[in-house]
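Dear colleague,

I am handing over the structure below, together with a description of what was found in it. Please read the notes with the structure open beside them.

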Amino acid sequence: MPLLPALLLLAVFLLGPIVWSIVGSLTNATLTGASATSPDWVGLANYERLLADPDFPLSLWLTVVFTVLSAVVGQNVLGFLVAFAMTRADRRVATIASGAVIGAWVLPEIVAAFVAYAFFSRDGTLNQLLAVIGLEGDNWLFTVPMLTIVLANVWRGTAFSMLVYRAALSEVPPELTEAAQIDGANGWQRLVRVTVPLLRGTIATNLMLVTLQTLSVFTLIYVMTAGGPGNASATLPVYAYQEAFRFGSIAFGTAIATVMLVIGAVFSIVYIRILNRAEADR
Amino acid sequence: MRRTLRTTTTALVVTGALIGVAGCSAAGEESDDQTLTVSYIRTDAFTALDTLFQTVKTEFEDANPGVTVELQPVSAPDEDYKTRLALSHRSAETAPDVFYQDTTTIRADAEAGYLLALDDYLAEWEDWGQFSEAARTAGLGTDGSTYAVSLGTDTRALWYSIPVLEAAGIPTPWEPETWQDVLDMAEAVQTSDPEAVPFMLYSGTGTGEGSNMQGFYQLLYGTELGGDALFDSESGKWVVGSEGFVDALEFVDTVYSEGYSLPADQALDPNVWQSVFGELFPEGRLGATIEGSYTPSFWVEGGSFEWPEYADQMGATAFPTKNGDGEGVSMSGGWTLAVGAASEIPDLAFEFLTMALSKENSLSYVTENSQIAVRADVAAEPSYLESNPFVGAVTELVEITNFRPATSDYNQISAAVQNATEAVMTGQSTPEEAAAAYDRDVESIVGADGIIER
């Protein structure tokens, strides 16, 4: 019974939107026109259109590239390395370094997005720095849009993984690594054979969180490239936004959002499996 | 369990953003005093409407004690403004009473039930007779009722820099007769001044509807099918598979691949027009571009990019057709004022609209914003005719102008056209591929029954 209010809140704020999203994707709702106020049921037509749309596989691929490179590899690995380096660094160095990393993370997303835009744009900081050393820059947001948004997301999100790993690393009992050291394990071996296996649960949790955060990144990409040029950086959230609000087909945009929901759910199930196994191993 | 929920929440953020369309800034004051909300665009470069509404607000509040006019300017490009306006109409709490409405979205928004039919009000408004036939037609919905009243119209011309063209050995006044003449000019300017931009062609999604009006349509409507090149008026269907569409995209391809225009990355910047008006033309670094009849408004005293010399240094002529048939091509659009269907005070809203569109206020708005007047009494005013040296030239283009097919699908089609031009200008697709992709998009928007192969 004490759970009732919580369940009610969950139903309203979590289940509600999911159901709404699914229901909306089965209609022909638009932003304006006759089907704006009185949409009709169209069954799975939006999903059929999505599967037939040549932009969809591209968008799906860009989303996977963005998520894997910026979250799974970038934020996760870099975050771990920074956290690990800090355990061995001088305290003042560690404080300054973590301050710098966290700085990007505490910025509101829109501000971080403009900072990244100002850095990579044609007359931006990067090109000015390149000019100082005599190199000619390029319009990076236009020529390598995916690379710029991946780097921006790594820059912005690494702090989260770093904080998670710092907390976890501080809980690794020092006697285990010391014992390994006495047994003759070198630094690399101690990291791979002792520390990482102990952190398996944390790694799975962190991967899950950063993956899901990154799947839904919108503001950063929209401000930096708006999905362009053409659709060269239109990941699923941007694609959904364009369909819903630029083309006005709310229902089709909602269908894309529903597909994202499914992708997110699949990722979570995989990670939760890993997590359970990690906990069972303990 | 907590982690599972956390995941679901995250995944829902975007879903929620897409489906949670209710707005959030309604000022629903519960008192005797009535509030009239007015929604419109105000940006650094577009303040004429704000000036108009500030004036009308004072006038209106004096005439109607107890009524407060709440101006809700939106600082956004046209496309974002239209999206935001459509979203605000979805709840009576957020829907404005009076708003700035693009002519192309009138039919769609009327069908959606966002706009109030004004027929009964207009029948009693003596000034309605002053509005031109074209302006009255622009406000019609699909059902034949009038839903909006025109603020002014515009035409599109080919604006060129006299010093830049003359330096390239092109005599002025310049009157190109075919697309080839335009390309020849661009080549001559490129040769005489490699640093200059010979011919800026708006294209792609960055500049939104402007890319079509001041770019692609000027080309498309000058191909074989002429005024029916986009939408076949006889059958009421959208044209696909036409030669003209590919020809027009090929022109875009030539302009961008030969480097006549600004590079694609700069041309895709939504604010590129500001550098056209503010830097390129005044600094003598641009040969020509297609722009609206409102062009002088940026350069006149008090405009966003004051440049008194424009009167002597700029020329305007009709953009030619592909092979020189006819006198040229122009496109017209224009914005209107409309009343929200959800308004609780429609009488007051209409009164505000008539004040804003009165002879005096219309005159100062069309003059400040270099619009083409739609009220006969305003068009006859000497102060309008003398407001800038180009009023005559751009008003003449009304004779050859085209209007967009303002069906309820128009905005989606327009976005598909922008995608096609962007794919070509960036070199992602050939003109044939982009035209084929456009044909597919159109079919998915209007269905197989809504298209015609020409």
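This is a predicted model: local features need pLDDT of at least 70, side-chain atom pairs count only at pLDDT 80 or more; totals for chains, interfaces and linings use all residues.

**A three-stranded sheet in chain B**

Elsewhere in chain B there is an open sheet of three strands, whose order is 7-8-14 and whose pairing is mixed. Its edge strands are strand 7 (231-232) and strand 14 (451-453) of chain B, each of which pairs on one side only. Helix 21 (residues 431-446) of chain B packs on this sheet, where it touches strand 8 and strand 14 of chain B, and the direction of the helix makes about 160° with that of strand 8 of chain B. As for the pairing itself, strand 7 and strand 8 (residues 237-240) of chain B run in the antiparallel sense and are joined over two bridges, with B:W238 of strand 8 as the bridge partner of B:F231.

**The two domains of chain B**

According to the domain assignment, chain B has a domain 1 made of residues 33-153 and 333-397, and a domain 2 made of residues 156-332 and 406-453. The centres of these domains, taken over C-alpha atoms, are separated by 28 Å, and 26 residues of domain 1 of chain B are in contact with 25 residues of domain 2 of chain B. On the side of domain 1 that touches domain 2, at least two residues each are supplied by helix 3 (78-88), helix 4 (106-111) and helix 19 (391-396) of chain B. Helix 4 of chain B gives the most to that side, with four residues.

The secondary structure of chain A comes to 14 helices and zero strands. Along the principal axes, the C-alpha atoms of chain A fill a box of roughly 75 × 65 × 35 Å, and 41% of its 282 residues count as buried. If one considers the contacts in chain A between residues at least 6 apart in sequence, 69% of them join residues at least 24 apart.

How many residues of chain A are in contact with chain B? There are 39 of them, and they are in contact with 37 residues of chain B. Helix 1 (4-25), helix 11 (200-215), helix 13 (236-246) and helix 14 (250-281) of chain A each supply at least two residues of the side that touches chain B, and the largest share, eight residues, comes from helix 14 of chain A. The residues on this side of chain A divide into 21 nonpolar, 16 polar and two charged.

**Backbone details to look at**

- The peptide bond from B:T172 to B:P173 is cis, with omega near -5°, and B:P173 lies in the loop between helix 7 (162-167) and helix 8 (179-192) of chain B.
- A:A226, although it is not a glycine, has a positive phi of about 55°. This residue is found in the loop between helix 12 (219-224) and helix 13 of chain A. A:A226 counts as buried because 20 other C-beta atoms lie within 10 Å, and 20 or more is the cut-off for that class.
- B:S370 is a residue other than glycine whose phi is likewise positive, near 45°. Its place is in the loop between helix 16 (359-368) and helix 17 (376-379) of chain B, and with 24 C-beta neighbours inside 10 Å, B:S370 counts as buried.

With best regards

Terms used
Residues are numbered from 1 along each chain as its sequence is written. Chains are lettered from A and ligands numbered from 1 in the order in which they are written. Two strands pair if DSSP finds at least two bridges between them. Two residues are in contact if their C-beta atoms, placed from the backbone, lie within 7 Å. Axes are lines fitted to C-alpha atoms, for helices over the stretch in contact, and angles run from 0 to 180 degrees between N-to-C directions. Domain bounds come from an automatic or database domain assignment. Ala, Val, Leu, Ile, Met, Phe, Trp, Tyr, Cys and Pro count as nonpolar, Asp, Glu, Lys and Arg as charged, and the others, Gly among them, as polar. A residue is buried if 20 or more other C-beta atoms lie within 10 Å of its own, exposed if 12 or fewer, and partly exposed in between; C-beta atoms are placed from the backbone.
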